[in-house]
Amino acid sequence: RDIIKDLKDASENQPTAELVSGKWALAWCDPGVEPFRSSPFFWAFKAAAAGFEFPLVGGGISDVFEFTGSIPSVYVGEATQELALDETGTGRLVSEVFLQVMRRNRAWPVELKGAMRTESVVTQARENEGTLVVDLHVESTRIADTNGEALASTLANITFPSGDALGASADVAMTVEYVDESVRATRVGSMVFVHVRV
């Protein structure tokens, strides 16, 4: 079933910058789409890696994402987005995805976990045929909220200049198809993400 169609059929709300602003937690994404891909960093990274083949996984960047999500030691926790838009339709988006990519056990004494925090500038939010298209420029990515975990805390001092490194691919967009006081449905390419207001 088309979850966006179901939401639109239940309400006549039109997406606006005011309704979209706030903090949102990921509640659902398309089957086969890993939750960490709700971060704009991965939208930009996918665009930058388009056309590349990765021999280790025998495919392109989407196969890399699928492979990463299937690794037993990789755990994806809460994913949030905080949007702040002004009356001109510009502002900022801060995305955080909690990731644990190494787990401590008898054979492996190191643990790596924390929130992957990506900050983006909203260059424009424009209404388009009943949707709100939010244009973003991805600026930076770093590890945050490490809860004192040693390795992650060390890495947290390093900010990756996503915008400079990804070039033109750092300019991405998301289309808000539906939003109300509690729920937001967003489409990025063929992917659909449903967030609930926090």
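Trainee: Which residues does Leu85 touch, not counting residues up to four places away in sequence?

Mentor: Contact means heavy atoms within 4.5 Å, and on that reading Leu85 touches Ala17, Val20, Ser21, Thr90, Gly91, Val122 and Ala125. This is a predicted model, in which local features need pLDDT of at least 70 and side-chain atom pairs count only at pLDDT 80 or more, while totals for chains, interfaces and linings use all residues. Residues are numbered from 1 along each chain as its sequence is written, and side-chain values use heavy atoms, with hydrogens and water left out.

Trainee: How many residues apart in sequence are Leu85 and Ala125?

Mentor: They are 40 residues apart in sequence, yet the C-alpha to C-alpha distance is 8.2 Å.

Trainee: Is Leu85 buried or exposed?

Mentor: Buried means under 20% relative accessible area, exposed over 50%, and partly exposed in between (1.4 Å probe, protein chains only); Leu85, at 14%, is buried.

Trainee: Which residues touch the most other members of the largest nonpolar core?

Mentor: In soluble globular proteins, nonpolar side chains tend to be buried together. A nonpolar core is a set of buried Ala, Val, Leu, Ile, Met, Phe, Trp, Tyr and Cys residues joined through side-chain atoms within 4.5 Å, and among the 33 residues of the largest one here, Trp43 and Val134 touch the most other members. Apart from that core lies another, of five residues, including Ile4 and Tyr178.

Trainee: With which side chain does the side chain of Glu177 make a polar contact?

Mentor: Glu177 is buried, with a relative accessible area of 13%, and its side chain makes a polar contact with that of Arg187 at 3.2 Å. The term denotes a pair of N or O atoms within 3.5 Å; within protein, one must be able to donate a hydrogen and the other to accept it, and residues adjacent in sequence count only if both atoms are side-chain atoms.
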